[in-house]
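Here are my notes on this one, jotted down while going through the model. Have a look at the structure first, then read on.

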Amino acid sequence: MQAIWLTVRLAGIVTLILLVVGTPIAWGLARTRAWWKVPVGAVVALPLVLPPSVLGFYLLLAMGPQGPVGRLTEALGVGALPFTFWGLVIASVFYSLPFMVQPLQTAFESIGERPLEVAATLRASPVDAFFTVAVPLALPGFITASILTFAHTVGEFGVVLMIGGNVPGVTRVASVQIYDHVEALDYLQAHKLSLVMLLFSFIVLLALYWWRPAARRVG
Amino acid sequence: MAPVARMLLAAFCLALAAPAAAEKITIAAASDLKFAMDEIVADFRKANRADTVEVIYGSSGKFHTQIQQGAPYDLYFSADIGYPRELATGGFAASEVKRYAFGRIVLWSATMDASKMTLASLADPKITRIAIANPRHAPYGKRAQEALRASGLWDKVEPRLVYGESISHAAQFVQTGAAQVGIIALSLALNAGLAGKGGYWLIPDKLHEPLEQGYIITKRAAANPLAKKFDAYMGSAQTRATMVKYGFELPGEAARR
């Protein structure tokens, strides 16, 4: 139970952070024709193709006391991030970034220039136009992106194993707990938790696929 | 038969015969053996150049499960002799369970001089992260837990523990400095890459149950001559010297301590 609650808390916080961080990135990528659109898009997509062990390895080195991020957090008095809940949050933000940015970018792009131009002629400032026109029109995209981000963070394993240190109630999320049960040959416990994960994933995808045709009708 | 056809036939027979002459084995070895086994296999290859020896390192418990599920390993070296014993009982072994070494645990750090520390030093609140292998399924983790309990430190230390998936994973946490100290295998601390850093302190073995290690030839390799050859090589003077060099105590000799 502790592992499930921890997983839900981690995924929830990561989704909220990525809504704030990912939206401007997605908006920028959708609106711009500048040269940096392609390289930034590629960097955002990196976690899709990188093995989680690569991401975990670099994050461990970066966040460790000798790494650049580790030195910064030590200097700020926060202490080292590996093996902490917030270390996991930061790692997961990187890990799940494309799952927030890409659906949002697609949603923003599908709005097109026209509604925003109309808003501008009605003297809406760009910020006004964003919140009163773009966000409502892209709402299905926000919902899809949030569900995907949440679900993908729940499914995280390799990165957590690399930087988490398997601390109960702090970094021992459900996927790691299942791994532990299997390693300890406790298949009954592993089955129980795996079943919960299986049902959860199925329900999330079911909801998503039901939502999407409806979203298309609205859009 | 035309000469060309005869030549083709001869070439065909040769092609069939060539790979059959070279044998292949895959060894599943506990991760505390990483450096010792690399050296043993390198020496073994010198005498058996035509053959292929592959080694996979990982956690003893995982290999135990995988072999039960038909994993293609010909020899299985476990850090805990209990696992191969279970496999032998279950009919997964083609040899008796052979005891090959006793492991030792050490306190090790990459950032501090651990040779001047003892387990009691772990009570110091300045040490915020201590890495051990997961006691639930890693033999070295179990022994680390026993040693901490026996010295009455477990309650003080537990909130600051981080758990590696295997003993080499725990060593990696310490090597990167992410954990200031760790309890790892002496065989890993004696490796050249780690030995240069910080030093180690040998944890007295009366604080924990012995790390009795054993191996088997698996059932799938029952008819593999190379597996038999490697088995015999494990008893050679050279292999025993390599094991000692990496801090393992050998069965017949441990009694003399």
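1. Domains first. Chain B is split into domain 1 (18–102 + 212–254) and domain 2 (105–202), with bounds that come from an automatic or database domain assignment. The centres of domain 1 and domain 2 of chain B, taken over C-alpha atoms, are 27 Å apart. Their contact takes 15 residues from domain 1 of chain B and 14 residues from domain 2 of chain B, contact meaning C-beta atoms, placed from the backbone, within 7 Å. On the domain 1 side, α2 and α3 of chain B each supply at least two residues, and α2(B) gives the most, with three. That side of domain 1 has six nonpolar, six polar and three charged residues; here Ala, Val, Leu, Ile, Met, Phe, Trp, Tyr, Cys and Pro count as nonpolar, Asp, Glu, Lys and Arg as charged, and the others, Gly among them, as polar.

2. Ground rules. This is a predicted model, so local features need pLDDT of at least 70 and side-chain atom pairs count only at pLDDT 80 or more, while totals for chains, interfaces and linings use all residues. Residues are numbered from 1 along each chain as its sequence is written, and chains are lettered from A and ligands numbered from 1 in the order in which they are written.

3. Chain B overall. I get 12 helices and 10 strands for chain B; these are DSSP runs numbered from the N terminus (helices: H or I, at least four residues; strands: E, at least two). Of its 257 residues, 47% are buried, that is, with 20 or more other C-beta atoms within 10 Å of their own C-beta, all placed from the backbone. Among contacts in chain B with a separation of 6 or more, 79% are between residues 24 or more positions apart.

4. Helix α2(B) again. This helix (residues 34–47) has 14 residues and reaches 21 Å from first C-alpha to last, close to the 20 Å expected at 1.5 Å a residue (1.5 Å times one less than the number of residues). Its buried residues are B:K34, B:F35, B:A36, B:M37, B:I40 and B:F44. Among the elements covering them are β1 (24–30), β2 (52–58) and α10 (225–233) of chain B.

5. Strand β10(B). Which strands does β10(B) pair with? β3 (residues 75–78) joins β10(B) antiparallel through four bridges, and β4 (residues 98–103) does so over five bridges, also antiparallel; pairing needs at least two DSSP bridges. B:Y76 stands opposite B:I216, and B:A101 opposite B:Q213. Six of the seven residues of β10(B) (211–217) are buried.

6. The five-stranded sheet. Its order is β7-β6-β8-β5-β9 (chain B), open and with mixed pairing. The edge strands are β7 and β9 (200–202) of chain B, and the twist averages 30 degrees from one strand to the next. Helix α5 (residues 139–150) of chain B packs on the sheet, touching β5 (105–109), β6 and β8, at about 125 degrees to β6(B). Angles run from 0 to 180 degrees between N-to-C directions, with axes as lines fitted to C-alpha atoms, for helices over the stretch in contact.

7. The chain contact. Chain B puts in 15 residues and chain A 16. On the chain B side, α3 (60–68) and β7 (161–164) each give two or more residues, with α3(B) giving the most, at three. By class, that side has four nonpolar, seven polar and four charged residues.

Technical notes. A residue is buried if 20 or more other C-beta atoms lie within 10 Å of its own, exposed if 12 or fewer, and partly exposed in between; C-beta atoms are placed from the backbone. Two residues are in contact if their C-beta atoms, placed from the backbone, lie within 7 Å.
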